[in-house]
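This briefing sets out the surface, fold and selected residues of one protein chain. Please read it alongside the sequence and structure shown below.

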Amino acid sequence: MPPDHPDNEADTQATLLAQVLSPLLDDFQYWFQRSLTLLEAGPLQGTSAEDQAKLLTRVQQAMAETQTAASLLAVTDGQVGVDPAQVMHWHALVAECWVVARRHRSLSS
């Protein structure tokens with residue numbers, strides 16, 4: 001098949017998507033799991049109990065979403081993507097978790 005054949009182009013795009021999206025989802029799941037561990041361990045200095053509970057709920061939801069996206073990506077051989085706005089939402093949540101963890105560590109030491 002010539003390189004510009006639509007089927008070949010679709011395969012290339014699916015491969016590229018899987019190569020980029022799969023590790024990104026793995027990273028999100030890693031950081032969400034670390035955040036869950038911290039948030040479930042007990043009260044965090046510098047964070048109110050209510051804010052901690054809300055953040056925990058958001059992280060649990062994001063963890064489930066990223067697991068679902070990773071599963072769909074795997075079972076469709078890279079034929080499924082994720083809305084970039086959703087990726088940015090997960091990224092912002094990870095960044096928020098980093099700030100909370102950093103503040104907790106600095107207040108605990």
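The protein chain exposes about 7000 Å², and carbon and sulfur atoms supply 58% of this area; accessible areas come from the Shrake-Rupley method with a 1.4 Å probe, and for residues only the protein chains shown count as cover. This is a predicted model, in which local features need pLDDT of at least 70 and side-chain atom pairs count only at pLDDT 80 or more, whereas totals for chains, interfaces and linings use all residues. Residues are numbered from 1 along each chain as its sequence is written, and side-chain values use heavy atoms, with hydrogens and water left out.

**Overall architecture**

- The secondary structure of the protein chain consists of three helices and zero strands, where helices (H or I, at least four residues) and strands (E, at least two) are DSSP runs numbered from the N terminus.
- Along the sequence, these elements give the pattern α-α-α.
- The C-alpha trace spans about 60 × 20 × 20 Å along its principal axes.
- The radius of gyration of the protein chain is 18 Å, whereas a compact globule of 109 residues would have one near 13 Å; the radius is taken over C-alpha atoms, and the globule rule is 2.2 Å times the number of residues to the power 0.38.

**Burial, contacts and charge**

- Of the 109 residues in the protein chain, 27% are buried, meaning under 20% relative accessible area, with exposed set at over 50% and partly exposed in between (1.4 Å probe, protein chains only).
- Among contacts with a separation of 6 or more, 76% are between residues 24 or more positions apart; contact means heavy atoms within 4.5 Å.
- The protein chain carries 6 positive and 13 negative side chains, and the centres of the two sets lie 21 Å apart.
- In this count Lys and Arg are positive and Asp and Glu negative, while His and the chain ends are not counted; each charge is placed at NZ of Lys, CZ of Arg, CG of Asp or CD of Glu.

**Helix H1**

- Leu21 belongs to helix H1 and is buried, with a relative accessible area of 7%.
- Not counting residues up to four places away in sequence, Leu21 touches Leu73, Val80, Gly81 and Val82.
- The C-alpha atoms of Leu21 and Arg105 are separated by 31 Å, the two residues being 84 residues apart along the chain.
- Ser35 is also found in helix H1, and its relative accessible area of 10% makes it buried.
- Beyond its neighbours within four places in sequence, Ser35 is in contact with Val59 and Cys97.
- Ser35 and Val94 are 59 residues apart along the chain, and their C-alpha atoms are separated by 8.3 Å.

**Helix H2**

- Helix H2 (residues 49-75) has 27 residues and reaches 39 Å from its first C-alpha to its last, close to the 39 Å expected at 1.5 Å a residue; the expected span is 1.5 Å times one less than the number of residues.
- The buried residues of H2 include Gln52, Leu55, Leu56, Val59, Ala62, Met63, Thr66, Ala69 and Leu73.
- An α-helix has 3.6 residues a turn, so residues three or four places apart point the same way.

**Loops**

- Thr47 lies in the loop between helix H1 (6-40) and H2, and counts as buried because its relative accessibility is 15%.
- Apart from residues up to four places away in sequence, Thr47 touches Gln52, Val100 and Arg103.
- Asp77 is found in the loop between H2 and helix H3 (84-108), and its relative accessibility of 65% makes it exposed.
- Phi of Asp77 is near 50°, a positive value in a residue other than glycine.
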